[in-house]
Amino acid sequence: MEDPYQVLGVSPNASEEEIKKAFKALAKKYHPDLNQGDKKAEEKFKEINEAYRILMNKGGGSYQQQGGEQGFNFNDFGDIFNFRGFEDIFRNFGFSSKGEDLRYDLDITLEDVFKPTAKSIKIKHRVVCEVCSGTGAKERETCQKCHGSGKVRRNIHQFGSNVIFTTNCDKCGGSGFVVKKKCDNCNGTGFVVKDETISVPIRKGVKEEDYTIIAGKGEPSASGENGDLYVVFHIKKNDSYTITGNNLKTRLYLDLRDILNGIELDLPTPWGSERITVNAGETEPLVLKGKGLYSKNGQRGDLIIELVVDLPKKLGTKELNEIEKAFGARKEPHISAN
């Protein structure tokens, strides 16, 4: 599709509120039920909706698409169209015919953040009954109110004028028929519960409580498309590293002799071994630039290594004497500007 920023008429640096405002204005203008018979308006409305879904990812206006995966923060239309009446229009004219979304909380490791992979999860959700093809009926007859069309006309006073809308028939729910005898397999619901195994892609640099959306893997609806599956990521606690923003932090415990003489060593990290050098007498934290977590723009934070002298808990007289031989007489604590 066209650049979603251009579709909504916002800049790539637009805030979440600016994106919402632009979407709200365009959706009002191009909604197909306010532009009866205008195919261009209908297509434009679909394009606006898709652009909004792409851009509203966690953390603001930037977006990423990898392998069909989309990350966004898709609030309900009551949040976007928060003035009275417009939400009802969306509900009455099929926009909410989409099935309910599902949520799955997935635990991942810090290693998963650096090595893009996929995890298999098992979800339990409803699917369309194969016996009745989702009708819920073993026997059925044509709805007498809508004469099988599934639609009725309504006159609504909205936006200062009377508008005639076509809506789903309230007697048959838009199906065009009424059930005389329920389907034995689904007990008339049109759906059965099923376990499904789904592969969830984990993009490089995913953060705590970021999420991805698996399209069409939510709950089905009787008259519309399936909802989506929201997979929310939780990074397991790591024994060696902590996360601070885009930075990784750790403590490196060294023998006093290594602090005094310096040392080179291979440090195990979540992405593999990293060669580091501790200079003789160095006590300040080591900062490895660009070795932290990935941000949404692809840049990386830093790896911060705190150097800690690994001293014994208690020294005996013999050990203290040996230290005095090596370092000379004990120096009293003192302060200095230099």
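Cysteine 146 counts as buried, at 6% relative accessibility. Buried means under 20% relative accessible area, exposed over 50%, and partly exposed in between, with a 1.4 Å probe and protein chains only. Cysteine 146 is in no disulfide, and the nearest cysteine sulfur, 3.7 Å away, belongs to cysteine 172. Cysteine 172 is buried as well, with a relative accessible area of 12%. A disulfide is a pair of cysteine sulfur atoms within 2.5 Å. By this rule the count is zero disulfides.

A word on the model. It is predicted: local features need pLDDT of at least 70, side-chain atom pairs count only at pLDDT 80 or more, and totals for chains, interfaces and linings use all residues. Residues are numbered from 1 along each chain as its sequence is written, and side-chain values use heavy atoms, with hydrogens and water left out.

Now the strands. Helices (H or I, at least four residues) and strands (E, at least two) are DSSP runs, numbered from the N terminus. Two strands pair if DSSP finds at least two bridges between them. Strands of a sheet pair through backbone hydrogen bonds, either parallel or antiparallel.

Take the pairings in turn. Strand β13 (residues 247–254) runs parallel to strand β17 (residues 303–309), and seven bridges join them. Arginine 251 has glutamate 306 in β17 as its bridge partner. For leucine 252, the bridge partner in β17 is leucine 307. In a regular strand the side chains alternate between the two faces of the sheet. β17 also pairs with β16, in the antiparallel sense and over three bridges. There, leucine 286 has isoleucine 305 in β17 as its bridge partner.

Next comes a hairpin. β14 and β15 form it, with two residues between them. Strand β14 (residues 263–269) and strand β15 (residues 272–278) are antiparallel and share seven bridges. Glutamate 264 stands opposite threonine 277 in β15. Proline 268 also lies in β14. Is this proline buried or exposed? Proline 268 is exposed, with a relative accessible area of 61%. Its C-alpha atom is separated by 9.2 Å from that of serine 240, 28 residues apart along the chain.

Last, a pocket. On a 1 Å grid over the protein atoms alone, a cavity is a set of points where a 1.4 Å probe fits but cannot get out, and a pocket is an open set with protein on both sides within 12 Å along at least five of seven lines; lining residues have an atom within 4 Å of a point. The second largest pocket has a volume of about 310 Å³. Its lining includes Asp255, Arg257, Leu311, Pro312 and Phe327. α8 gives the most, with five residues. The lining residues divide into eight nonpolar, no polar and four charged.

Conventions: Grid points are joined across faces, edges and corners, and a volume is the space filled by probe spheres set on the points. Ala, Val, Leu, Ile, Met, Phe, Trp, Tyr, Cys and Pro count as nonpolar, Asp, Glu, Lys and Arg as charged, and the others, Gly among them, as polar.
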